[in-house]
Structure formats: structure tokens, C-alpha cells
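Biologist: I have a model open and want to learn how to read it. Please take me through it feature by feature.

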Amino acid sequence: MSDSAISVIQILIGFVALVGGGELLVRGASQLAAAVRISPLVIGLTVVAFGTSAPELAVTVQAAWAGSSELALGNVVGSNIANVLLILGISALIVPLSVQSRIVRTDLPLVIAASVGLWLISLTGVVSRVEGLLMFSALVVYVVWSIRAGRQESAEVQAEFDAAAPHEQTAGRGRLVGHLGLVVAGLVLLGVGANQLVGGAVSIARLLGVSELVIGLTIVAVGTSLPELVASAVAGLRGQRDIAVGNVVGSNLFNILGVLGLGAVVAPAGIAVPDAALHLDLPIMVATAVVCLPIFFTGGRISRREGALFLGYFFAYIGYVVMNATHAEHLRSFEVAMLGFVIPLTVAGIAVSLLQCYKRRRARLSAGGTKPPDS
């Protein structure tokens, strides 16, 4: 059997494993949330998010241990960009996603702060072991806080849990083990699927003569983000939209604080930051996190239009990476076109979202003001 045929089989196996793993993970996580009386949002921000980041963790730690700093850093930064632009984009196109106020008030600002912090740390040219340990410690604090906050839900939310799954109130240890089993099985399938898909795609890319740099910036980063894509898409289709959005936000935080933090700890001399990442990829990662804030805030949801906008940004970014790596002839023209198109489109999109939010609030206030006064 030829190498190309083996690579195609790997890709097919990977897709099947990813779809099955995403279904098991979302089903197990949502049932676990009801059983232990923690909101699905918290499960998405912790269990699902950290589990689907397992491929990034494996690739980054292995690369850091072997001294391949560029691959370790590029995998995390590229995956975070793909998580927002590709995964939220596709998921929102499938079904508009709801955004809870906690994400806007707490979790997304934490992702922005972690992204900016990583960029500032990287200005020194290296993420040291001490800085990696501090980042990982911050993640532990966040997880403990999230779980404790999730257990202190309001009475209304707890009543919703009781109404949605009253049988869970009598769930025994065996049922909890069953839910955990689904989560573990889903994570295993996601890891296997991502590994097979990335391996097959990399092999085909090499057979086609694509450079290793392009492979690392595109295929590896996108491939390790496939578990998040499948988990978020399946969660949206199953109605668990809190898990869909929480998965992406939690994964991005885990990638920076946990994956890169642990990678810096195990790296012999920390993780070196190349100038290309410092001047292009890190700023784009920060920008993708920041642009989410007004979009999440204005509507409390991610519409299909906004999903299409995210997806367009992702393809523009990938196009630039490929053209820059291959020193394409029209790279400068592409840069000018992107600056003249992306920035105005972003400003216009945010302005439209703000206007729609303002109109909805005015409509609600007008409706409330037309009620007759009490006599």
C-alpha cells in the first residue's frame, strides 16, 4: 500500500474517532454536570476544555522537552487563534451560540489578560521555567475557583437542574462512574482521532512538498484544535450551547497557562520566542481574544453572521501565513488589502452589534414604560 493511501486511511480514522469522541464527551459532561449539580458552563470551562486541549498539551510538552521551542509556542498560539476564529466560526454557523454573562464578566477577561501577559513576557525573548511555573499555578487557582463558584449556583439554576434531571438526585456512585466513563472514553477517542488526522495530514503535506514551517503553523495547530471543534459543534447541536462556548474560552486559558506553562517548566532553557511570533502571531492571538469581548457583550450570543466573520478572518490569517512562509510574490499587496479590509470590517461589525444591542434595550425600556401606572 502506498504512503498516500495510508495517509488517507489515517485521516478517515481520525475523523470517525473525533466525531464519536465528541459525542461521548459532550453527553458524559452534560450528565455529569446535572449529577454533581454544577452548571454545564463550568463543566465546559474545565473538564471539556482541558480534556480537548490534551493534544496541544502532548505536542507542546514533547516539543519543549526536545528543545523545539518554535513548535511548542507556535502550537499554542496557533491553536488559540484557531479556537476563536475557526471553531467558534463553524459552531456559530451550525447553530447560533449563547454566551452567559459570567463569560463576559470573568472568563473572557481572564483569557485576554493571560494573552496580553504572555505577549509581555515574550518581549524578553523567552518564557522561563519560573514564569511557566507561575502560569501553571494561576491555572490551578482558576480551576479551584471555577468549581467552587459552580457549586454555589442560584436557587433558580439549581431548580432547573432538578427539573431537567430529577432522577439524578438519587444517582449513586455507579451512575457517576458511568458519566465519568463517557467523558474518559470521549477524551481517548478525541486524542486518538486528532493524532491520526494530524499524522495523515502531515504525511500528505510532505508528499506534496509543503514546508515544515507551514505544516507547523497550519496543520499541527488546526489538527490539535480539532477536538475542540468537534466538541463545540456537537454541544451546539445537542443544545448544550454553554459547553460549546465555555469549551473554547476554557481551552484558550488552559493552552496559555497550563500547556505553555508546563512546557516552559520541562524545557531545558525555557521556551524561546522567535521574532516572527512576537511581531505577528502573538499580537493576532491577543486581537482575536479582545475582539470577542464586544461581540459577546452586545448580544449575549454569537450569530451566524458573526460566525461567518470569524471564519473569514481565519482563512485570511492562514492565507497570510502560507504566503509569508513561501515568500509569495504578492505578499505585500495581500497585506495592504487585509489592512484595508479587515480593520474597517471589524469596526463596522462591532458597530452594528452595538447598535442592535442599543435598539433592543431601548425597545425593552419603551415596553416597560408603556405600562399603565398603578391606580
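Biologist: What should I know before I start?

Modeller: This is a predicted model, where local features need pLDDT of at least 70, side-chain atom pairs count only at pLDDT 80 or more, and totals for chains, interfaces and linings use all residues. Residues are numbered from 1 along each chain as its sequence is written, and side-chain values use heavy atoms, with hydrogens and water left out.

Biologist: Which residues touch the most other members of the largest nonpolar core?

Modeller: The general idea comes first. In soluble globular proteins, nonpolar side chains tend to be buried together. A nonpolar core is a set of buried Ala, Val, Leu, Ile, Met, Phe, Trp, Tyr and Cys residues joined through side-chain atoms within 4.5 Å. Buried means under 20% relative accessible area, exposed over 50%, and partly exposed in between (1.4 Å probe, protein chains only). Here the largest core has 79 residues. Leu88, Leu97, Leu118, Ile271, Phe296 and Phe310 touch the most other members. A second, separate core has 5 residues, among them Val198, Ala205, Ile215 and Val220.

Biologist: Which residues make the nonpolar surface patch?

Modeller: Patches are made of residues with over 30% relative accessible area and no salt bridge; nonpolar side chains (Val, Leu, Ile, Met, Phe, Trp, Tyr) are joined within 5 Å, like charges within 9 Å. A salt bridge is a side-chain nitrogen of Lys or Arg within 4 Å of a carboxyl oxygen of Asp or Glu. Areas come from the Shrake-Rupley method with a 1.4 Å probe; for residues, only the protein chains shown count as cover. In this model, Met1, Ile6, Ile9 and Ile13 make a patch of about 400 Å². Methionine 1 sits in the segment before α1 (3-36). Methionine 1 counts as exposed because its relative accessibility is 75%.

Biologist: How are the helices defined, and where is aspartate 107?

Modeller: Helices (H or I, at least four residues) and strands (E, at least two) are DSSP runs, numbered from the N terminus. Aspartate 107 belongs to helix α5 (residues 101-122). With a relative accessible area of 0%, aspartate 107 is buried.

Biologist: Which side chain does aspartate 107 contact?

Modeller: A polar contact is a pair of N or O atoms within 3.5 Å; within protein, one must be able to donate a hydrogen and the other to accept it, and residues adjacent in sequence count only if both atoms are side-chain atoms. The side chains of aspartate 107 and tyrosine 142 share one, at 2.8 Å. Tyrosine 142 is buried too, at 6%.

Biologist: How do I read a pair of aromatic rings?

Modeller: Use the distance of the centres and the angle of the planes. Rings of Phe, Tyr and Trp (its six-membered ring) pair if their centres lie within 6.5 Å; planes under 30 degrees apart count as stacked, over 60 as edge-to-face and the rest as tilted. The count here is 2 aromatic pairs. Tyrosine 142 and tryptophan 145 have ring centres 6.4 Å apart and planes at 35°, so this pair is tilted. Both residues lie in helix α6 (residues 129-150), 3 residues apart, about one turn of the helix. Tryptophan 145 is partly exposed, at 39%.
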